[in-house]
Amino acid sequence: MEDNNRPENSKIDQAYAEYAKNHYEKGAEADFHTLLGVILGSFLMAANFALLLKPSGLITAGFSGVALLVQNIAERYFNISIPFFVISLPLNLIPASAAFRYIGKRFTLFSILSIVIVAVFTDLLPVFPLVQDTVLVSVFGGLLQGFAISLILRSGASSGGTDFISIYYSIKKGVSCFNIIFAINAVMVMVQATLFGIEIALYTIVYQFVTTQMINLMYNRYSKKSIFIITEHPQEVADAVMTVSHHGTTIFDHVTGAYTGTEKHMVYSVVSASELNQVVKVVKGTDPAAFMNIVKSESVLGRFFQRPFR
């Protein structure tokens with residue numbers, strides 16, 4: 001989608017810069033909110049590991065799952081108890097260093113804090129079976145895990161490990177790859193099935209699938225929405241959309257309503273799902289009579305502005 005090359009676009013860029021400063025760059029206040037989200041989400045993950053996963057023998061996805069799997073193997077076959085902390089931290093060093101360079105320093109530092117909190121509290125919290133039914137563990141444990149990870153992501157950080165990899169891939173390709181990460185975890189599940197039995201591995205697949213769907217539901221940074229706006233004030237609406245989203249728009253002139261015969265215009269744009277509410281709000285504020293049709297975009301090719309991590 002091409003941007004309009006009118007001289008007034010410099011005003012739109014300036015207006016967006018001011019909007020971004022007010023909404024995304026809040027200094028200490030933003031850091032405090034991120035800190036709260038990271039602490040709460042990380043503690044929920046650690047509690048999920050100690051109260052649901054470890055007693056049932058299930059493993060989560062990513063490097064945390066690798067750490068849990070190594071713990072289970074060491075205890076079952078070698079009668080050795082290895083702290084989660086000792087396994088988890090080394091696994092996260094390489095992707096964390098890459099994230100620090102390519103994704104964002106603030107994002108990576110808060111993510112490292114999440115990794116440390118999860119590792120420490122997974123070892124400190126007592127392990128006891130909160131729920132005996134493995135089906136309930138696989139479903140509600142997956143929901144809790146997905147909620148915790150989404151809370152951390154929405155706060156401006158991640159839980160580390162494969163999150164670093166998936167976010168890096170999403171930045172480069174502009175699409176979500178959590179489902180791809182889910183497929184990669186199948187290798188880990190195969191190892192679990194070989195060593196601990198097919199039944200527990202199948203429950204793990206259910207758990208990881210529920211986790212993935214919960215994340216896709218709650219974290220929509222990479223989801224795209226196409227918005228079609230029928231209006232009598234196309235330029236004003238287009239400018240408003242570009243101001244709050246920094247995405248280009250296309251104006252179709254001479255759109256005629258078949259019922260009324262009234263000639264109007266259509267403004268078309270693709271925005272991130274996380275920006276949609278703000279875009280709808282400014283469109284209504286600019287033209288209360290505007291008609292909007294919003295549909296999900298499966299993929300977007302070409303230049304698409306993505307707000308960077310800090």
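Guide: Let's start with α2 and α5: their axes come within 8 Å and cross at roughly 30 degrees. Axes here are lines fitted to C-alpha atoms, for helices over the stretch in contact, with angles from 0 to 180 degrees between N-to-C directions. This is a predicted model, in which local features need pLDDT of at least 70 and side-chain atom pairs count only at pLDDT 80 or more, while totals for chains, interfaces and linings use all residues. Residues are numbered from 1 along each chain as its sequence is written, and side-chain values use heavy atoms, with hydrogens and water left out.

Visitor: What makes α2 roughly parallel to α5?

Guide: Angles under 35 degrees count as roughly parallel, over 145 as roughly antiparallel, 65 to 115 as roughly perpendicular and the rest as oblique. The crossing is at roughly 30 degrees, and that makes α2 roughly parallel to α5. As for handedness, α2 passes α5 in a right-handed crossing; right-handed means that the near helix is turned clockwise from the far one by less than a right angle, left-handed anticlockwise.

Visitor: Which residues in α2 and α5 meet?

Guide: Contact means heavy atoms within 4.5 Å. Among those in α2 are Asp 31, Leu 35, Phe 43 and Phe 49, and the α5 side includes Arg 106, Phe 110, Ile 117 and Phe 121. The helices themselves (H or I, at least four residues) and strands (E, at least two) are DSSP runs, numbered from the N terminus.

Visitor: Why is the pair of Arg 106 and Asp 31 called a salt bridge?

Guide: Side chains of opposite charge can pair when their charged atoms come close. The rule asks for a side-chain nitrogen of Lys or Arg within 4 Å of a carboxyl oxygen of Asp or Glu. For Arg 106 and Asp 31 the closest N and O atoms are 2.6 Å apart, and the salt bridge is assigned. Arg 106 lies in helix α5 and Asp 31 in helix α2, so the pair ties together parts that are 75 residues apart in sequence. By this rule the count comes to one salt bridge.

Visitor: How do you know whether Arg 106 is buried or exposed?

Guide: Buried means under 20% relative accessible area, exposed over 50%, partly exposed in between (1.4 Å probe, protein chains only). Arg 106 has a relative accessible area of 16%, so this residue is buried.

Visitor: What makes the aromatic pair of Phe 43 and Phe 121 edge-to-face?

Guide: Rings of Phe, Tyr and Trp (its six-membered ring) pair if their centres lie within 6.5 Å; planes under 30 degrees apart count as stacked, over 60 as edge-to-face and the rest as tilted. A search of the whole structure finds five such aromatic pairs. Phe 43 and Phe 121 are 5.5 Å apart centre to centre, with 80 degrees between the planes, and that is edge-to-face. Here too distant parts of the chain are linked, with Phe 43 in helix α2 (residues 28-56) and Phe 121 in helix α5 (residues 105-124), 78 residues apart. Phe 43, at 35% relative accessibility, counts as partly exposed, and Phe 121 does so at 31%.

Visitor: Why is the pair of Phe 107 and Phe 164 edge-to-face?

Guide: The ring centres of Phe 107 and Phe 164 are 6.3 Å apart and their planes are at 70 degrees, so the pair is edge-to-face. Phe 107 lies in helix α5 and Phe 164 in helix α7 (residues 162-173), so this pair ties together parts that are 57 residues apart in sequence. Both Phe 107 and Phe 164 are buried.

Visitor: Why are α10 and α11 called roughly antiparallel?

Guide: α10 and helix α11 (residues 276-286) pack at an angle of about 150 degrees, with their axes 9 Å apart. They are therefore roughly antiparallel to each other. α10 passes α11 in a right-handed crossing, and the residues that meet include Val 241 and Ser 245 in α10 and Val 279 and Val 282 in α11.

Visitor: What makes Ser 245 count as buried?

Guide: Ser 245 has a relative accessible area of 0%, so this residue is buried. Ser 245 lies in helix α10 (residues 234-245).
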